[in-house]
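Let's take a walk through this protein chain. Have a look at the fold, and then we'll go through its parts one by one.

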Amino acid sequence: TSSKPKILVTRRLPASIEARMATLFETDVNEADQTLTASDILSGLAGKDVLVSTITDRIDAGLIESLPASVRLIAQFGNGVDNIDLEAAWRAGLTVTNTPSVLTEDTADMATALMLALPRRLVEGTQILLRDRAWAGWSPTSMLGHRLRSKALGIVGMGRIGTAVAQRARAFGLTIHYYSRNRRPQGVEGPLEATYWDDLDAMLETVDIVSLHTPLTRDTSDILSAARLARMKPDAYLVNVSRPELLDEPALIAFLETGRLAGAALDVFDNRHGINPRLLALAEANRVILTGHMASATLEARIEMGEAVIVNIRAFMDGHQPPHRLLPDMPQPRAARG
Ligand code: 8YV
């Protein structure tokens with residue numbers, strides 16, 4: 001029997017990370033790489049010290065209360081922790097860590113790419129050529145999109161990722177508006193020339209592009225409700241690389257279908273019963289760009305996320321404060337997503 005920490009990893013991770021984990025820990029990886037059921041997680045955790053979880057693991061109060069006593073740490077591979085019932089974790093005396101910062105820039109890049117792709121009809125431009133297997137040739141009026149420069153961007157949630165998006169957007173000549181729990185200090189707002197709104201409804205009425213960068217918590221769940229979406233300008237675009245539950249997806253679909261919104265780019269969407277066929281139809285009609293939770297999907301980010309998980313586990317097992325320990329005073333995630 002080794003004294004190495006015993007860990008269960010619920011999904012496959014980059015090979016270099018799995019290899020490093022295997023040298024440092026007694027590592028049990030879910031080779032099948034399919035989302036484990038609660039009972040699979042529980043049986044896999046027998047005799048383990050650490051659960052390495054991802055966003056696809058639903059770690060609700062029931063699971064937490066049934067954990068073997070040996071499990072003291074949940075080390076999330078990822079930034080958002082809305083799959084974990086943190087209150088139940090605190091009650092059970094567990095430590096929970098995540099991997100912030102390392103995916104900030106890549107996620108902001110993807111949001112910005114989508115922001116450009118929507119008004120400039122980037123995806124449509126390729127699709128037309130593939131469909132026709134030919135190009136009708138250039139004309140002064142073909143494939144006209146809309147200019148990004150001078151438009152107003154409204155960022156919902158000005159944390160690390162929102163700020164990184166604002167920095168990029170400045171370079172494209174967008175004016176920056178943001179709604180956040182707290183106003184950012186002048187040092188952040190100043191260089192970005194960002195305008196703070198304490199009234200989200202009012203900001204939504206003003207901006208041309210809305211981009212969501214808030215964690216999913218009890219307060220932000222459905223933050224873009226049908227009533228809020230209705231306040232957006234009819235020629236406005238929406239970008240969501242955060243979480244599907246932040247918005248009323250059926251309402252968004254209806255607004256796009258009836259021309260009450262210009263378009264949307266969704267890296268996250270309700271997939272509980274598959275992708276909504278009406279959303280797919282909108283994507284086919286090039287009113288919507290759909291990507292499958294790719295915003296942080298770079299090899300570099302995944303490796304750095306894995307390294308952060310390793311650092312958190314080692315610190316914890318050595319009796320130190322893990323660098324990315326979550327604290328009970330953070331906003332409660334909207335736990336136990338279904
Ligand atoms: C990750 C994410 O792919 O970190 C997050 O919050 O949404 C994604 O970028 C996922 O969390 C991995 O668990």
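Alanine 111 touches Val165, Ser211, Val239, Val241 and Ala295, leaving aside residues up to four places away in sequence. Touching, or being in contact, here means that two C-beta atoms, placed from the backbone, lie within 7 Å. This is a predicted model, so to speak of local features pLDDT has to be at least 70, and side-chain atom pairs count only at pLDDT 80 or more, while totals for chains, interfaces and linings use all residues. Residues are numbered from 1 along each chain as its sequence is written.

Ala111 also shows up in the largest nonpolar core, which has 56 residues; together with Val239 and Ala264, Ala111 touches the most other members. Helix H5 (residues 104–117) gives this core its largest share, five residues. A second, separate core has 36 residues, including Leu73 and Ile313. What's a nonpolar core? It's a set of buried Ala, Val, Leu, Ile, Met, Phe, Trp, Tyr and Cys residues joined through C-beta atoms within 7 Å. Buried means 20 or more other C-beta atoms within 10 Å of a residue's own, exposed means 12 or fewer, and partly exposed is in between. Helices (H or I, at least four residues) and strands (E, at least two) are DSSP runs, numbered from the N terminus.

The chain splits into domain 1 (6–102 + 299–317) and domain 2 (104–290), with bounds that come from an automatic or database domain assignment. Their centres, taken over C-alpha atoms, are 31 Å apart. How many residues of domain 1 are in contact with domain 2? Five are, and they meet six residues of domain 2. On the domain 1 side, those residues are two nonpolar, two polar and one charged. For these classes, Ala, Val, Leu, Ile, Met, Phe, Trp, Tyr, Cys and Pro count as nonpolar, Asp, Glu, Lys and Arg as charged, and the others, Gly among them, as polar.

Around it sit Thr54, Ile55, Phe77, Gly78, Asn79, Gly80, Leu103 and Ser296, a shell of three nonpolar, five polar and no charged residues. To count as near, a residue needs its C-beta atom, placed from the backbone, within 6 Å of the molecule.

Most residues other than glycine have a negative phi. Arginine 133, not a glycine, has a positive phi of about 55°, and aspartate 222, not a glycine either, has one of about 60°. Here is where they sit:

| Residue | Loop between |
|---|---|
| Arginine 133 | helix H6 (122–132) and strand E6 (152–156) |
| Aspartate 222 | strand E9 (209–212) and helix H10 (226–229) |

Why does arginine 133 count as exposed? Because it has 6 C-beta neighbours inside 10 Å. Aspartate 222 is partly exposed, with 14 other C-beta atoms within 10 Å.
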